[in-house]
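Please read them with the sequence and the coordinates open beside you.

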Amino acid sequence: MNLKKINIENKKIKDLIPQALTVLALLSVIIYFATNAQINMGNRGISFGFGFLNQEASFDITFSMIEYDGSYSYGRAFLVGLLNTILVSVIGIFFATIIGVVVGVSRLSDNYLIAKVAEWYVEIFRNIPLILQIFFWYFAALRALPLPENGISFNDISFLTIKGWYVPKFIWTNFNIFLLSVIAALIAIYFINSYATKQREQFGKQLPTITISLATLILIPLITFLFLGVTLTFEYPVLKKLSSTVYTYEGGVSIIPELIALALALSMYTATFIAENVRAGILGVGKGQKEAAASIGLNKNQILKLVVMPQALRIIIPPTTNQYLNLTKNSSLAAAIAYPDIVLVFAGTALMQTGRAIEIISITMLTYLSLSISISMFMNWYNKKMAIKEK
Amino acid sequence: MIKSIKTWVLVGLASLLLVACGQGGGGAGSKKSKTLDNTKKAGFVKCGVSQGLPGFSNADASGNWSGIDVDVCRAVAAAVLGDADKVKYTPLSAKERFTALTSGEIDVLARNTTWTLSRDADIGLTFVGVNFYDGQGFMVRKNSGINSVNDFKNGISACTNTGTTTELNMRDFFNSKNIKYEPIAFEKADEVVQAYDAGRCDTYTTDKSGLAAQRTKMSNPDEHKVLPETISKEPLGPVVRQGDAVWEDIVRWSLNTMIEAEEYGVNSSNASSLKDSENPAIKRLVGSEGELGAAFGLDNEWSLRIIEQVGNYGESYKKHIADTGILPNRGPNQLWTKGGILYVPPAR
């Protein structure tokens, strides 16, 4: 008994030693490089520190989701860049997923034309380097857009021009109340859905959950408009003459062409990979599953929703997570077309103006790492949720 | 056994320490330059240039670099190695340039770089002089009806390069005029030109020499013009790493030699025949009087080689800037004796 215990402890220690040595070796390598860098920087009269983040940035940024101009700090500029990176990633992931699912399903279509078009789309867009696609959308496609004075008008409230897509601006009063009502509606929908599931499982009753949910989502916020003083008006963009041939739009919100081009390129490119994941996922569900589902009387939609998709998703989610991560990291190519993402604003302009290469590059790397890990964690959670639950 | 190993290690460490001390002591007093030694050993001058700016540093189809910035590198190579062609050029973006210099990838940065206080003092660099006095300007379309910066109105969009002083000057300028503008900053000059040419922005702003040079790249150069106003001082000059005073002096005086040579009428074709000149200043320039080269560990003909192989400043300007049609008029880049502001300390 005693002997066995000692043996186990011995084994534990034996297992630990190589690991500890590895960690030690790794640490000493890192420390070696860090001290080396410090000495070299010291020799060249470069100081190390993050104090610059509080200094005035004194450069402007085209497009910002928070209040910013050159009188704010470098730290604020970092935040602007980070938010812009997140914005284009979210837009890119959203459209890449939609296009990817549509194209992936289309490739399996019985319709020859649809299947072939989807196949060609995938083969073309996944085989051209992304940076070229970004340049294509920015310089070739957007160059085809008209100058502001001949902008493509949508009902005279929105205009698409080479300088951007001008859309009406929403002007709210009591926006907080409206936001709360939307959250309340979402919570209500959650409870309605769990109630409906219980009803179905206990009594076999099918409730029209989608209709009820939609009605809730519309009705509750509508009440705030009618009784709680929430109003919404629009500010429309208006053409403005700057000189004899120079025009721009005033008012409204301008969606800059750099954002459009980048989001377009990222989603078109990443969608091809997601499409292949979707196709693989659907093909991965055994034929017998569909036949069995049909044999118990489920209709085509129910088969897809209740039998095929839950199983296909298990195959689709992990590789699609990779694509989401790729898209986020690829968004750093923004710098090539002047979209003010974190690389252009912070690892570009701010680095240049301060000369603090090591500090800024490490902050930027850490930021991308945290972004990727967040996406990864979310997708792992979702994957677990979708995984087979053994009862 | 164990003891003997210990002793050996101790002896080894002690001798290492001694060697280290010896080196430290020797280095402090003498006129040794690590950069100069390394350059002589390598056999070429490591020079950082632009990615292509006509007149300043531009590579032709067969990869030969030329321009007035390139001539600074060539002058250093002629002085140090005796051959102006022994230069290794590294094209750098505005963003990369200082890191390349501080990390030792290059030893001279001659890349139309503006001399500012923060760059000089903050990031381990030293500016050695000015080889081109420039100023920031604006380019617009001729038919735009904009004839002066006073015609700019709220909502104007301006394209420029990121990581440059122009990006900061632009903000200062528009703020002082109380004009709301849309800044669009690209990483590479070529993309700025393309975006402006396509109509993405109403004006393109950078150094005036740059505007003149980039205009030649537009799809229709005659449709564009540079506004008369200059909104900033942009003294462009070569840069070296901080901490090697001898190397700094070599680069500084290589540039100064070219300017002084023009002042005294010494050029690439008459330099060797002026060895017996009656003017001592000229004799010092061509190396027949004084021991000026010894001050930074070079022979006495270093300046003669610069003038013979690269030419004086005026020759360089004429060849790269004036004859190429970029800026035919020398403006401030004329000698102080002829109404310009080129004035260098005497070489004596």
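**Notes on domains, helix packing and the chain interface**

1. In chain B, the centres of domain 1 and domain 2, taken over C-alpha atoms, are separated by 30 Å. This figure, like the others in these notes, is computed from a predicted model. Domain 1 of chain B is made up of residues 34–133 together with 236–326, while domain 2 of chain B covers 136–232.

2. The two domains of chain B touch through 12 residues of domain 1 and 12 residues of domain 2. On the domain 1 side of this contact, five residues are nonpolar, six are polar and one is charged.

3. From α2(A) the contact draws on Tyr74(A), Ala77(A), Phe78(A), Val80(A), Gly81(A), Leu82(A) and Thr85(A), and from α10(A) on Ile342(A), Val345(A), Phe346(A), Ala350(A) and Thr354(A). By class, this contact of α2(A) with α10(A) contains nine nonpolar and three polar residues, and no charged ones.

4. The packing of α2(A) with helix α7 of chain A, residues 257–283, has axes that come within 6 Å and cross at roughly 40°. The two helices, α2(A) and α7(A), are therefore oblique to each other, and α2(A) passes α7(A) in a right-handed crossing. Sorted by class, the residues of this contact of α2(A) with α7(A) are 16 nonpolar, six polar and three charged.

5. With helix α3 of chain A, residues 112–126, α2(A) packs at an angle of about 125°, the axes lying 7 Å apart. That angle makes α2(A) oblique to α3(A), and the crossing in which α2(A) passes α3(A) is left-handed. Here Val103(A), Ser106(A) and Arg107(A) of α2(A) meet Ile114(A), Ala115(A), Ala118(A), Glu119(A), Tyr121(A) and Val122(A) of α3(A). This contact of α2(A) with α3(A) has six nonpolar residues, one polar residue and two charged residues.

6. Helix α5 of chain A, residues 175–203, has 29 residues and reaches 42 Å from its first C-alpha to its last, which is close to the 42 Å expected at 1.5 Å a residue. The residue that follows α5(A) is Gly204(A), with a positive phi near 70°.

7. Between the chains, 38 residues of chain B are in contact with 33 residues of chain A. On the side of chain B that touches chain A, at least two residues each are supplied by α4 (97–102), β9 (156–161), α6 (165–176), β10 (181–186) and α7 (189–198) of chain B. The largest share of that side, five residues, comes from β10(B). By class, the side of chain B that touches chain A has 11 nonpolar, 14 polar and 13 charged residues.

Conventions
Residues are numbered from 1 along each chain as its sequence is written. Chains are lettered from A and ligands numbered from 1 in the order in which they are written. This is a predicted model: local features need pLDDT of at least 70, side-chain atom pairs count only at pLDDT 80 or more; totals for chains, interfaces and linings use all residues. Two residues are in contact if their C-beta atoms, placed from the backbone, lie within 7 Å. Helices (H or I, at least four residues) and strands (E, at least two) are DSSP runs, numbered from the N terminus. Ala, Val, Leu, Ile, Met, Phe, Trp, Tyr, Cys and Pro count as nonpolar, Asp, Glu, Lys and Arg as charged, and the others, Gly among them, as polar. Domain bounds come from an automatic or database domain assignment. The expected span of a helix is 1.5 Å times one less than its number of residues. Axes are lines fitted to C-alpha atoms, for helices over the stretch in contact, and angles run from 0 to 180 degrees between N-to-C directions. Angles under 35 degrees count as roughly parallel, over 145 as roughly antiparallel, 65 to 115 as roughly perpendicular and the rest as oblique. A crossing is left-handed if the near helix is turned anticlockwise from the far one by less than a right angle, and right-handed if clockwise.
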